[in-house]
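Thanks, everyone, for making the time this morning. I would like to walk through one model with you, going from the overall picture down to single residues.

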Amino acid sequence: MQENENISHENNDDDQHEHAHDDNDAEQHTHEHDDDGQHAHAHHHEESFISKYIFSLDHKMIGKQFLIYGLIMLFVGGGLALLFRWKLAYPEKPLPFIGVSQQYLDDGEVVTGADKRWERIFDSEKEEWVEVNMPAGVMTDAFYNMLFTMHATIMVFFVVVPILVGAFGNFLIPLMIGTRDMAFPVLNMLSFWLAVLAAIVMAVGFFVPDGHAASGWTGYAPLSADPQWTGVGWGQNLWAISLLIQGFSSLVGSINYITTVINMRAPGMTFFRLPLVIWSLFIVAILLLLAFPVLSSALALLIFDRLAGTTFFTTTAEGGGDPLLWQHLFWFFGHPEVYILILPGMGIASELIAVNSRKPIFGYHSMVYAMIAIAFLGWIVWGHHMFQSGMQPGMGAFFMTTTMLIAVPSAIKTFNWLGTMFKGSIRFTTPMLHGIAFVSMFVIGGLSGIYMANTPVDIFIHDTYYIVAHIHYVVFGGSLFAIFGGIVFWFPKMYGRYMNDALNKIHFWITFIAFNCTFFPMHILGVGGHRRRISNPLAETVGDVVTQESLFADMNIFITMSAFTLGFAQLILVFNFFWSIYKGKVAEKNPWHVTTLEWEAPTPVPHGNFEQIPTVHRGPYEYSVPGEESDWIPQTQPEPAPAGGGD
Amino acid sequence: MLHWLPKNISKHPQYVDTLFTLIYWITLVVLVLVFATLIVFLIMYRHREGHRAEYIEGSTKLEIIWTTATTVIVFGLAMLSFPEWNKLKATPENPDYVVQVRGEQFNWYMIYHGPDNEFGTDDDLELENELYVPIDKDIQIELTSIDVIHSFFIPNLRLKQDALPNRVLKNIMFNAQETGRYEIPCAELCGFGHAEMRGYLIVKTQDEYDAWVKEQWPE
């Protein structure tokens with residue numbers, strides 16, 4: 001395919017890049033170079049509101065839908081966390097605003113409006129939802145179990161995966177490999193609407209009698225398999241059904257991503273010219289495709305156990321199945337799932353760091369191989385969740401070795417990120433701050449993982465807050481900072497406007513500090529033997545004995561205060577996000593001076609993405625090439641570059 | 001951070017603390033080095049007018065160095081841990097005492113076999129949430145559960161083992177070196193009473209323990 005003159009870049013001016021076809025309102029593209037047949041439906045008719053915003057087939061709109069879906073669920077999941085953090089700090093104290101006042105508790109005197117409301121609720125015949133779950137504003141232990149179960153379930157399945165894979169995957173893959181849309185646009189739409197259905201089913205679970213699932217996001221049998229142990233009825237069933245639906249959503253999405261990346265790369269876009277974020281999303285799609293069916297099978301068996309009287313995961317005197325079977329199936333899925341949560345974050349961070357250091361990625365190939373190695377090792381480490389489970393101890397040795405080995409590709413990646421910054425020209429933009437936060441928090445999360453990988457040490461820290469600290473350093477400190485950085489970075493391409501940078505910086509610093517104040521002390525709790533998943537750290541069964549956990553009461557209060565700060569800081573991001581969609585400063589086509597293809601497309605990106613499918617001539621990280629005047633060369637610029645580049 | 005560890009009263013798994021300390025120092029050194037490098041890079045290579053980044057695509061030599069170094073460290077740690085792990089999870093051969101422990105929402109039940117040295121007979125003694133043992137003796141626990149999975153956790157002994165319904169695990173042994181009263185919380189989510197599920201280990205001197213036995217089975 002011959003290059004259109006306009007496509008090649010003019011990069012001899014330094015700041016304001018004016019491009020020949022920047023006036024994207026012109027929308028001059030025609031069907032002439034519609035050689036891949038992807039956008040035949042796209043151009044010449046006005047789309048209705050429904051087909052444009054609701055049942056859209058356009059990968060960019062589906063990406064944005066996933067993003068907003070994920071952000072809404074982030075607030076649901078985060079809100080649940082704040083509720084149970086209150087209980088951990090003040091186990092017996094009513095919630096502020098919602099609960100009754102202290103006077104009412106002490107001598108029944110009605111002081112506040114909440115007291116009056118509660119008076120009415122207690123007097124009424126009907127059993128109200130709040131009365132069952134938090135009488136007088138004090139959460140019950142059963143309600144607490146439901147809260148942390150749903151917090152993790154929502155964060156893992158309805159926030160991080162939909163945003164990283166659904167939003168960034170959809171938005172970036174076609175744009176960065178240089179094609180007009182996904183291979184299967186209808187499947188793509190199906191993937192989103194299945195995710196919506198799953199979220200609705202999950203939400204319904206909160207309001208069925210006996211409450212939502214309360215056996216942890218890991219749903220260990222027999223607690224999850226037999227209603228008599230938790231008292232939870234349809235909540236647990238809906239939990240399983242919702243995850244089954246979410247599994248189908250991920251499945252069709254991943255098939256789509258794999259097909260698209262393999263078949264629809266622009267001319268010249270070889271695999272080793274793919275940006276690292278595309279590599280990460282490609283690898284993750286393969287993991288999702290292979291891992292989710294295992295969870296789906298386990299969930300199906302669980303539903304049979306609950307509804308059809310089978311005993312796959314329970315034992316009876318006459319025989320039956322085995323609770324450990326559930327753990328093996330769950331973690332066979334669950335460990336690849338953990339890498340599904342972090343790999344796209346690594347990809348995004350790589351982009352942010354290379355662009356803002358104005359340097360090629362240090363060791364591009366070893367970065368790719370390290371991700372492949374992590375993905376491969378991810379399949380053979382699941383037993384490290386089960387060292388104390390009663391699994392045959394000899395297997396512990398194997399799983400310890402494989403788990404320790406994951407430190408190797410993780411270290412390679414970390415050192416390569418540092419190498420990328422080495423002798424760079426680092427611009428401290430908000431995306432870069434998030435990129436740096438990602439690397440440093442990932443280092444802490446990675447290093448704390450070594451303690452658990454080590455079987456003898458794991459005997460002590462297993463099931464303590466140490467684990468909670470570790471997972472949050474990886475998934476919040478890692479994935480979420482990458483998500484925040486990615487949102488700020490690609491926002492100009494998504495919505496054609498900038499987010500407000502002052503607000504972004506405020507959001508970053510509050511989040512970064514509050515995050516560390518919230519989760520770092522959890523390491524100390526864990527070392528002190530503070531168990532995870534307990535509703536009341538002050539619980540004492542015998543007399544006036546001071547329990548080990550009650551020693552951490554002050555630290556728990558500190559963590560809760562930090563968590564509230566962290567939670568409320570996210571309102572800044574959401575306000576900024578929605579405000580900027582309508583009121584942000586209009587962005588130029590390539591504000592960060594990036595080499596990859598998505599920035600070659602006009603802003604806002606039209607249906608069909610490119611006026612003409614670009615041809616790729618070079619790798620994705622051609623920054624500060626010696627002898628070039630500009631410090632970046634787009635992937636579309638032919639080699640050898642004419643002196644000065646451009647037209 | 002390590003001073004937060006509950007006091008270790010165990011004869012055997014001192015290694016747990018040794019390994020913990022070793023990993024603590026290794027990770028701390030790595031953490032400090034990485035953060036120091038990061039901060040130095042951020043300051044030295046910050047954007048300055050008229051200053052351009054250097055085009056460096058990577059270094060095979062460095063990749064080999066840090067891959068090898070990390071591999072050696074983690075393999076070394078794994079090698080150090082294998083023998084300890086095997087010792088800690090082995091079934092004891094000649095325990096001085098055997099006690100059966102049963103997890104049941106939301107209590108631990110401790111079962112002593114009585115003078116006939118056999119479990120399942122009439123002279124068995126079942127205690128709720130109290131485990132009496134003599135000091136400096138190898139105690140074997142036969143652990144089970146009758147409803148859901150619980151986890152038998154004695155922080156001061158660096159001991160943890162999940163209790164599985166309808167299965168008896170016998171590879172649990174400890175030897176307490178100090179008299180006193182220690183917690184046995186349940187570490188695996190087992191339902192709404194999970195936080196309150198806590199037993200106590202009471203370590204007595206041999207004389208006190210013998211007296212206690214006499215009290216339970218007066219002849």
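This is a predicted model: local features need pLDDT of at least 70, side-chain atom pairs count only at pLDDT 80 or more; totals for chains, interfaces and linings use all residues.

Let me begin with chain A, which has 19 helices and two strands. Taken along the principal axes, the C-alpha atoms of chain A fill a box of roughly 85 × 60 × 50 Å. How does the radius of gyration of chain A stand against that of a compact globule? The value for chain A is 26 Å, and this agrees with the globule rule, because a compact globule of 647 residues would have a radius of gyration near 26 Å. As for burial, 57% of the 647 residues in chain A are buried. If we then take the contacts in chain A between residues at least 6 apart in sequence, 80% of them join residues at least 24 apart.

Now to the place where the two chains meet. The contact draws 79 residues from chain A and 76 residues from chain B. On the side of chain A that touches chain B, the element that gives the most is helix α14, residues 407–421 of chain A, with nine residues. By class, that side of chain A divides into 40 nonpolar, 30 polar and nine charged residues.

Is G390(A) buried or exposed? G390(A) counts as buried, because it has 21 C-beta neighbours inside 10 Å, and the cut-off for being buried is 20 or more. Leaving aside residues up to four places away in sequence, G390(A) touches L324(A) and, from chain B, D162(B), L164(B), R167(B) and L169(B). By way of contrast, G390(A) and I62(A) are 328 residues apart in sequence, and their C-alpha atoms are 45 Å apart in space.

Let me turn to chain B, where the domain assignment gives domain 1 (2–88) and domain 2 (97–216). The centres of these two domains of chain B, taken over C-alpha atoms, are separated by 38 Å. Where they touch, nine residues of domain 1 of chain B are in contact with nine residues of domain 2 of chain B, and the side belonging to domain 1 has four nonpolar, three polar and two charged residues.

As a reminder, strands of a sheet pair through backbone hydrogen bonds, either parallel or antiparallel.

One open sheet has five strands in the order β3-β2-β1-β5-β8 (chain B), with mixed pairing. The edge strands here are β3 (125–128) and β8 (169–174) of chain B, each of which pairs on one side only, and the twist averages 30° from one strand to the next. Within this sheet, strand β1 (residues 97–104) of chain B pairs with β2(B) in the antiparallel sense over five bridges, and the two strands form a hairpin with two residues between them. In that pairing, Q100(B) stands opposite I111(B) in β2(B). Strand β2 (residues 107–112) of chain B is in turn joined to β3(B) by four bridges, again running antiparallel. Here Y112(B) stands opposite L125(B) in β3(B), while the bridge partner of I111(B) in β3(B) is E126(B). How do β4(B) and strand β10 (residues 198–204) of chain B run? They run parallel, joined by five bridges, and L131(B) stands opposite L201(B) in β10(B).

Key: Residues are numbered from 1 along each chain as its sequence is written. Chains are lettered from A and ligands numbered from 1 in the order in which they are written. Domain bounds come from an automatic or database domain assignment. Two residues are in contact if their C-beta atoms, placed from the backbone, lie within 7 Å. Ala, Val, Leu, Ile, Met, Phe, Trp, Tyr, Cys and Pro count as nonpolar, Asp, Glu, Lys and Arg as charged, and the others, Gly among them, as polar. The radius of gyration is taken over C-alpha atoms; the globule rule is 2.2 Å times the number of residues to the power 0.38. A residue is buried if 20 or more other C-beta atoms lie within 10 Å of its own, exposed if 12 or fewer, and partly exposed in between; C-beta atoms are placed from the backbone. Two strands pair if DSSP finds at least two bridges between them. Axes are lines fitted to C-alpha atoms, for helices over the stretch in contact, and angles run from 0 to 180 degrees between N-to-C directions.
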